[in-house]
Amino acid sequence: MQKALSRRQFAGLVMTGGLTAAALIAARPALAIDPVFTKRGLAIRGYDPVAYFTDGKPVEGKAQFTTEYEGAVWRFASAANRDAFAADPLRYAPQYGGYCAWAVSEGYTASIDPDAWKIVDDKLYLNYSKSVQRRWERDIPGRIAKADTNWPQIKAGG
């Protein structure tokens with residue numbers, strides 16, 4: 001499976017403008033990526049996706065409140081949050097499998113920082129870092145449109 005760029009690789013792309021490097025990465029032959037960004041098997045680094053909506057902030061999930069979805073383990077702060085997610089995962093799961101929304105809008109994947117998030121039109125978007133998030137926020141509708149167009153092909157590994 002194709003993996004997300006490391007923090008160092010992504011930072012290099014961001015610092016250098018990365019368009020040529022990003023194009024090369026996107027052009028390399030690849031298998032389909034994991035449908036959800038995971039770190040040690042945990043979706044969104046073990047943070048509770050429901051809490052972004054209910055608490056308005058990132059909250060670390062607890063090992064005793066988990067469920068599986070899209071091949072990843074999701075942690076939650078409470079049984080109620082776990083049950084809400086299990087009842088409607090599409091409502092709470094971050095867009096683009098939890099990969100960085102800015103990177104997907106550029107045509108590739110990158111990891112995320114759970115503290116770099118935004119809910120737009122009742123959908124959760126995550127970014128690689130707060131500085132990348134500021135770039136993404138300069139044109140949220142445009143970035144979402146590009147990412148929505150890119151995601152099916154990225155997810156399929158093409």
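Colleague: How do the residues lining the largest pocket divide into nonpolar, polar and charged?

Modeller: In this predicted model, the lining of the largest pocket comprises 10 nonpolar residues, two polar ones and two charged ones.

Colleague: Which residues lie nearest the centre of that pocket?

Modeller: Of the 14 residues in the lining, those nearest the centre are Tyr69, Leu90, Ala93, Pro94 and Gly97.

Colleague: And what is the volume of the largest pocket?

Modeller: The volume is about 200 Å³.

Colleague: Which helices each supply at least two residues of the lining?

Modeller: Helix H5, spanning 89–92, does so, and so does helix H8, spanning 140–156.

Colleague: Turning to helix H7, which of its residues are buried?

Modeller: Within H7, which covers residues 130–137, the buried residues are Val132, Gln133 and Trp136.

Colleague: Why do they line one face of the helix?

Modeller: Viewed down the axis of H7, the buried residues fall within an arc of 105°, so they line one face of the helix.

Colleague: What percentage of the chain is buried?

Modeller: Of the 158 residues in the chain, 47% are buried. The accessible surface of the chain is about 8000 Å², with 51% of that surface belonging to carbon and sulfur atoms.

Colleague: What about contacts between residues at least 6 apart in sequence: what percentage join residues at least 24 apart?

Modeller: Among those contacts, 62% join residues at least 24 apart.

Definitions and conventions: Residues numbered from 1 in each chain as written. Predicted model: local features only at pLDDT ≥ 70, side-chain atom pairs only at ≥ 80, totals over all residues. Heavy atoms only, no water. Buried < 20%, exposed > 50% of the residue type's maximum accessible area, 1.4 Å probe, protein only. Helix = DSSP H or I, 4+ residues; strand = E, 2+ residues; numbered from the N terminus. Arc of directions from axis to C-beta. 1 Å grid on protein atoms, 1.4 Å probe; cavity = no way out; pocket = protein on both sides within 12 Å on 5 of 7 lines; lining within 4 Å. Points joined across faces, edges and corners; volume = space filled by probe spheres on them. Nonpolar A, V, L, I, M, F, W, Y, C, P; charged D, E, K, R; others polar. Contact = heavy atoms within 4.5 Å. Areas by Shrake-Rupley, 256 points an atom, 1.4 Å probe, with all protein chains shown as cover.
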